[in-house]
Protein chains: 2
Amino acid sequence: MARKIKKSRFFFEENFIETIGEVSQNKYKPLKNNEKLKYLGKKISRIDGYDKASGTAVFTFDIDLPGITYAKTLRSPYANAKIKNIDDSKARKLKGVYEIIHYKNAPKIKWYYGSSFLFDQHVRYEGDEVACVVADSEELAEKAIGLISVEYEILPHATRAEEAMRNKVKIHKSGNIVRGKPGTYERGDINKGFEEADLVFEDEFSTEVAIHNPTEVHCSVVNWEGDKLIVWDSTQAVFGVRNSLAQSLGIPESNIRVIKKYMGGGFGSKLEAGKYTVMAALLAQKIGKPVKIALDRRENNLAVGNRPDSVQKLKGGVKSDGTLTALSHYSYSSVGAYPAGGGCSWPLRTMYKCPNVKVEEYSVYTNTGRGRPFRAPGHVQGIFALDSFMDELAEKIGMDPLEFRLKNYTKIDQVSGRPYSTKLLKECYKKGAKKIDWNKRNKIPGSGKGYLKRGIGMASQIWWGGGGPPAYVTLKLNQDGSVNILAGTQDLGTGTYTFIAQVAAEILEIPIENIDVTIGDTDVVPYGPGSGGSTTAPSIAPAVRDAAEQMKKKLFSGAAAILNVEQNEINYNSGKFYSKKDKKELIGINKIIRKMHERVLVTTGAREANNDNYMVQSFGAQFAEVEVDTLIGNVKVLKIVAAHDIGRTLNRQTLENQFHGGILQGLGFALMEEQIVDEYTGKILNANMHDYKMPTIYDVPEIEVVIVSEGDKIANNMGVKGIGEPAIIPTAGAIANAVYNAIGVRIKSLPLTPDKIIDSLYS
Amino acid sequence: MARKIKKSRFFFEENFIETIGEVSQNKYKPLKNNEKLKYLGKKISRIDGYDKASGTAVFTFDIDLPGITYAKTLRSPYANAKIKNIDDSKARKLKGVYEIIHYKNAPKIKWYYGSSFLFDQHVRYEGDEVACVVADSEELAEKAIGLISVEYEILPHATRAEEAMRNKVKIHKSGNIVRGKPGTYERGDINKGFEEADLVFEDEFSTEVAIHNPTEVHCSVVNWEGDKLIVWDSTQAVFGVRNSLAQSLGIPESNIRVIKKYMGGGFGSKLEAGKYTVMAALLAQKIGKPVKIALDRRENNLAVGNRPDSVQKLKGGVKSDGTLTALSHYSYSSVGAYPAGGGCSWPLRTMYKCPNVKVEEYSVYTNTGRGRPFRAPGHVQGIFALDSFMDELAEKIGMDPLEFRLKNYTKIDQVSGRPYSTKLLKECYKKGAKKIDWNKRNKIPGSGKGYLKRGIGMASQIWWGGGGPPAYVTLKLNQDGSVNILAGTQDLGTGTYTFIAQVAAEILEIPIENIDVTIGDTDVVPYGPGSGGSTTAPSIAPAVRDAAEQMKKKLFSGAAAILNVEQNEINYNSGKFYSKKDKKELIGINKIIRKMHERVLVTTGAREANNDNYMVQSFGAQFAEVEVDTLIGNVKVLKIVAAHDIGRTLNRQTLENQFHGGILQGLGFALMEEQIVDEYTGKILNANMHDYKMPTIYDVPEIEVVIVSEGDKIANNMGVKGIGEPAIIPTAGAIANAVYNAIGVRIKSLPLTPDKIIDSLYS
């Protein structure tokens, strides 16, 4: 148990924190360091690797059922319009078309927090759902869609936040600011802060809309078995989908089974049931056949979410010794046609020590696809602006950017006042700087010789990541010593199956080949949270440990009873018990289970409660080295050093995979990704993977991942924090700062496309 | 907790037993009587009724997978032969044939307790497996089988036990008596018993081989996903199949998933993996495709088991007042070509009070299909002989058969000396006799007028049936108050899904529509036993109750914590808590779960330990009224009254269904079912449903089911005992006694076919 600590006492009492590594609230002792363990921290190949590499893995997209039918969606071609009438009679006459639903014949199901319906007569962006057809094939369904005639009344549209904020175009009756007002935050006295400063500076940054683009498109296969709805869904949250389906369809959660075995990636847009899933469920019910609905790439680009753009105005006050006295953040983001959050100020509130902070941020409706959480929502945009701004401030007062950050380092969460469980960011700065050779950077930005100019930059990272309850795991130990695990989670493709097996193998000392993991099935796994917010590993791994430790306890008590000895007279080692005295083998799992008159031993583990006296966050810094071709404006990222404090490494292989993926996604965000809207027609010009530029293998830099922690003893019984989001957060900021260091001109608007580089250099 | 009782104290102290109804070892109070409950004991339609009635239910036989292939088996046409060679080259050339396995190329997997192999060069009965072909279709596979040439050395055969016991035909090297010796049992002093008797009498009875013939044939669909084997199997024991597959294939149990959602009946022949499942698994692994293998009706009749025949010689000693002094039982049964048990003496050991008993029973190898457990194995044959014999003894000493049985009634298990938990057989006799109008029977057998002669007879029933641990159930209570249950069991088609939902609905006071049940999937349900021996309901229902009671406890403590009241200040009623004081509604499930910061509450229930101070058995008596057409020898069963003590009725509807099924199967056994073997060729002459006579709808008598118990308070926390086997046990005996009562001639050999009736009447 943690020592009971009054929160107030620690507000700004930083020194105390050095000792908290000793305190733990968990009933289990911290594990040994990874090098003393057999499975944890090692490069373990995925247990689902064969399935994936051999092509036998069945993703939702691959699900095929006897008698399956296919649904496709008719979407609005207009950015803002009212549907006056739909005539589907021609489409219905097409042989092989089973059913068509739209506003005239479908139930009026509320959508987007009640701001719209499954089928709304007011369509508010190009891609908004108008009708859904189910037929014998996708081709037939597409053909039928072409035969539906829709009468639209075209309305004026606003596709950028600036335009929408003028409120001339009516997107929602309530006006175009989400919730009618900005999000705000304030601490200290911002004016006093600026007064205390030796230097006050302000600047503006902007980022563009980015598309999630997981490899596997959004898709569902649905089938009714009587009044039970079976849904295979490419989702990050099987229980989340079940819950939203139950509400949409008005049926009990117990009558819905959501299954997701493998997924080709999910970055925040797959956290709840999509309209497509509900439409497929309605159609399947009507026609009495299974229905598959898979969005094509264009639909994915238009209609399932994106990272909102941002315009961020930062103002900072700093003393000449580098002490931050005040930070303010004014921003607005276009979140698309339906309620979503576009805030990106969080890093500014917590990344650095600053007593006086003020935030005002507007989420603005526009006639574009809706914003959705996207890998570290807000933080990616926010850190780009904040850490660019920090570099600017540092330069203004003549300080090294790293030194400036260390000057404003904090071990206390600036918002809650709670101490961090652990924070090894200093280590990250130190190791990262060494690996990138920080001293090699241009002392005078842009001072390199030749047209290929190199530069080095860095940015910091903060993110939640300690996970928490509720999360449950059932462990079944079979008589032959093999194990089946049912865990309340699902895999995004990041290695969840494997770390679950690793934890159980480590604790139970059972070969990992003998451990089978089932996740992603609401009917069969105990409850666990959606896989978002980097919560999966820190929520589930401790629950696996709990289940495995309980199982070991059962084996101990069973063995002691059978052998008629005290538990402390025997040792457990890899499935067998030995006498402590003479090291003789006494009894194995098989015999224990049989003698206990059991066949399969079952335990249920739970994620323990968090220790609310502490704030658990992950930290890190990424260092980028870039080469800018100043003739054509191209930026090549040569190297990224990612140094992070993410607690214990569960699997060095999948950890690196996650970092590679996050960094590459951050690189795309920094250099090329942006949704381009034609303001005049309201149409998206690059809703495909050819025109929407993403990094390819050609763009992959050298990546070095440095993990500085052996485990956060307070975070949870495994000492683990999530890594999905930390990986991407600082990348764009580090690249932008490196580009500035290379060319000596700061471009404050992402992506850093060649035209912007050339413009900034030669205009 | 039960009072601790020394076993010896109760040996023959019958009077004590009257009070044991008050004693319970369970942590939960006995439930109220059924009439005071909402779901239990009622006629509740099956929750899987829609699926079944609409034809949408997917049975193993219906499983279809993309790319599925089909396997068929080449079987020996000879009763005893050695395979000298197999040439499959022609068959392999057939387009669409993927693979063929047989003794030459398949792994040497031990089978039948090591007495043979998966593919053995010595084939020992018509139907023994020789090779297995997988192809694009069943037709193609059949065609390929026709192209395989097998060189046999035909050996002499023995198809009847009498012949095999001579040991001239070598079926196994060890000789033709299973285990080389008879099963024996003895208590008291048999000779002394006969000496004490006023009358000693002996007689011989026989029964024939009967075929299980479930509606759904034996079948499996197997698919390898990497090194994980997925098996859909028409089985009574998903964990049993998993275990036997793991042993046969030499892989961990955790790498095998056995699934069985719905099944078209299983009567004991589906308790373990069949050769067909292993062959399909081997083939699927070789060809990298899913394989379906479904035995046709002929294969089912030949190769998956049967009820062994029996020849039973009974000898009894009785005093003139009706007291049994001695019973002996000598029997032999042909159990087919591989080890199986054919014993049928158990009823004689336990049904009636008798101090001196001796048993000697031989299981004999023959060159026929192997015996397997078949609904009340041994008891069906045994009670026919015993209760026929009891009627004979009663007649000899001039006593009413019922009175004679009451004279030898016991409340103490005659073998273990333990008292029965409850035994309400007297009630069964009383109520059954009243319902059939026992006094209407012919005082002088055969004395009825006319050629259509009616008669009334009865027989008793005893069977295990209290179930026991290990059996587990996981219960998940969702935020919307709906429930998902995972129970360690599987459904044979008898209503298991429904009673599980009923128990949870009753205890949690939640509408049964909101309860979803998952069973029959080794990867996802906690452990539970195979569904055989009438153990399912008494093992699983108490575990469901335990899980539900734990859940209610969680809700109570959650509600009390949130409301800040003592638990005894609040009442629970149908998902909501009320103030005891003013009956005001305080809080519901949804809010409790949210306030507990949970989403789904999970509990795991277990079947409590049995109270070993008692013997739990089910009891009953069936009364038959028959009409014999003495001109053509046809027996028509007019009515069966089934009066049983099976503890609490869970579902009156499915209970009646079970009794109807059991009685009809018993009627078939009594009147028409028998496998006919041509002794000269060793071939089965009626391996199909046309020539193998079974009852049809035309044969269904009026059936009245009388349940005398409201629950066995000692058996388990639900007071329930199994009913699958009790239903069939006394039927044949009752019918045989009724036929004797009708025609005055006793036919001691089942089935009572017209030819035997005519022979007995006119020869």
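Mentor: The C-alpha centres of domain 2 and domain 3 of chain A lie 40 Å apart. Domain bounds come from an automatic or database domain assignment. The model is predicted: local features need pLDDT of at least 70, side-chain atom pairs count only at pLDDT 80 or more, and totals for chains, interfaces and linings use all residues. Residues are numbered from 1 along each chain as its sequence is written, with chains lettered from A and ligands numbered from 1 in the order in which they are written.

Trainee: Where do the domains of chain A run?

Mentor: Domain 1 takes 1-30 + 422-466 + 612-763. Domain 2 is 63-155 + 213-303, and domain 3 is 468-606.

Trainee: How many residues of domain 2 of chain A are in contact with domain 3 of chain A?

Mentor: 18 residues of domain 2 of chain A, against 12 residues of domain 3 of chain A. Contact means that C-beta atoms, placed from the backbone, lie within 7 Å.

Trainee: Which elements supply the domain 2 side?

Mentor: Helix 6 (238-249) and strand 14 (256-259) of chain A each give two or more residues. Helix 6 of chain A gives the most, with 4 residues. Helices (H or I, at least four residues) and strands (E, at least two) are DSSP runs, numbered from the N terminus.

Trainee: New topic. Which strand order does the open sheet of 7 strands have?

Mentor: The order is 3-7-1-15-12-13-14 in chain A, with mixed pairing. Two strands pair if DSSP finds at least two bridges between them.

Trainee: Why is one side of strand 3 and of strand 14 of chain A left without a neighbour in the sheet?

Mentor: Strand 3 (97-102) and strand 14 of chain A stand at the edges with a single partner strand each, so one side of each has no neighbour in the sheet. The twist averages 20 degrees from one strand to the next.

Trainee: Is strand 3 of chain A mostly covered or exposed?

Mentor: Mostly covered: 6 of its 6 residues are buried. Buried means 20 or more other C-beta atoms within 10 Å of the residue's own, with C-beta atoms placed from the backbone.

Trainee: How many bridges join strand 3 to strand 7 of chain A?

Mentor: 5 bridges, and the two strands run antiparallel. His102(A) has Ala131(A) as its bridge partner in strand 7 of chain A.

Trainee: What lies across the strands?

Mentor: Helix 7 (residues 275-287) of chain A lies across strands including strand 12 (219-225) of chain A, running at about 30 degrees to strand 12. Axes are lines fitted to C-alpha atoms, for helices over the stretch in contact, and angles run from 0 to 180 degrees between N-to-C directions.

Trainee: Now the partner chain. How many residues does the contact take from chain A and chain B?

Mentor: 39 residues from chain A and 39 residues from chain B. Strand 21 (472-478) of chain A is one of the contributing elements. Strand 21 gives the most to the chain A side, with 4 residues. That side divides into 15 nonpolar, 12 polar and 12 charged residues.

How values were computed. Contact = placed C-beta atoms within 7 Å. Buried ≥ 20, exposed ≤ 12 C-beta atoms within 10 Å, placed from the backbone. Nonpolar A, V, L, I, M, F, W, Y, C, P; charged D, E, K, R; others polar.
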